[in-house]
Amino acid sequence: EYPNASLAAILWHQGETDVLLNNENYQEDLDNLIANLRADFGNDTVPFILGGMVPYWVNQSADRQALQQILKDTPSRNSYVGYADPDVPFVIQKADDTFDEIHFDANGQRELAGRYFDAFSSITE
């Protein structure tokens with residue numbers, strides 16, 4: 001137990017398996033998850049930051065692009081939600097995007113982490 005701990009934000013990075021399983025309820029499931037986590041923590045304004053999937057992988061399929069759009073639109077459906085966009089201000093790429101195409105490499109993870117922080121900052125300022 002950590003008596004001096006506090007919850008600053010919830011970070012969420014997921015979606016690839018839902019594409020592969022063709023989860024037609026992903027948007028509803030995601031919005032319910034956000035509401036339920038906040039209810040569990042007793043804090044309906046805790047920032048919830050989610051990030052987009054690897055652009056190279058996403059761009060190979062309309063289903064992947066549709067789920068990425070659900071992720072990207074989540075802040076318009078929920079309050080105190082931010083989106084770490086792997087496409088803006090530039091597309092996060094690897095030296096060889098075909099290697100482990102579903103995951104970011106270390107450099108991509110570091111870049112996306114900065115975008116998570118920027119999304120967090122835009123909610124908490």
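Is Phe117 buried or exposed? Phe117 is exposed, with a relative accessible area of 52%, where exposed means over 50%, buried under 20% and partly exposed in between (1.4 Å probe, protein chains only).

This is a predicted model, in which local features need pLDDT of at least 70 and side-chain atom pairs count only at pLDDT 80 or more, while totals for chains, interfaces and linings use all residues. Residues are numbered from 1 along each chain as its sequence is written, and side-chain values use heavy atoms, with hydrogens and water left out.

A search of the whole structure finds two aromatic pairs, a pair being rings of Phe, Tyr or Trp (its six-membered ring) with centres within 6.5 Å, called stacked if the planes are under 30 degrees apart, edge-to-face if over 60 and tilted otherwise.

| Pair | Centres | Planes | Class |
|---|---|---|---|
| Trp12 and Phe48 | 6.5 Å apart | 35° | tilted |
| Phe117 and Phe120 | 6.3 Å apart | 40° | tilted |

Trp12 belongs to strand E1 (residues 10-12) and Phe48 to strand E2 (residues 48-51), so their pair ties together parts that are 36 residues apart in sequence; strands are DSSP runs of at least two residues (E), and helices of at least four (H or I), numbered from the N terminus. Phe48 is buried at 0% relative accessible area, whereas Trp12, at 24%, is partly exposed. Phe117 and Phe120 both lie in helix H5 (residues 106-124), three residues apart, about one turn of the helix, and Phe120 counts as partly exposed at 22% relative accessibility.
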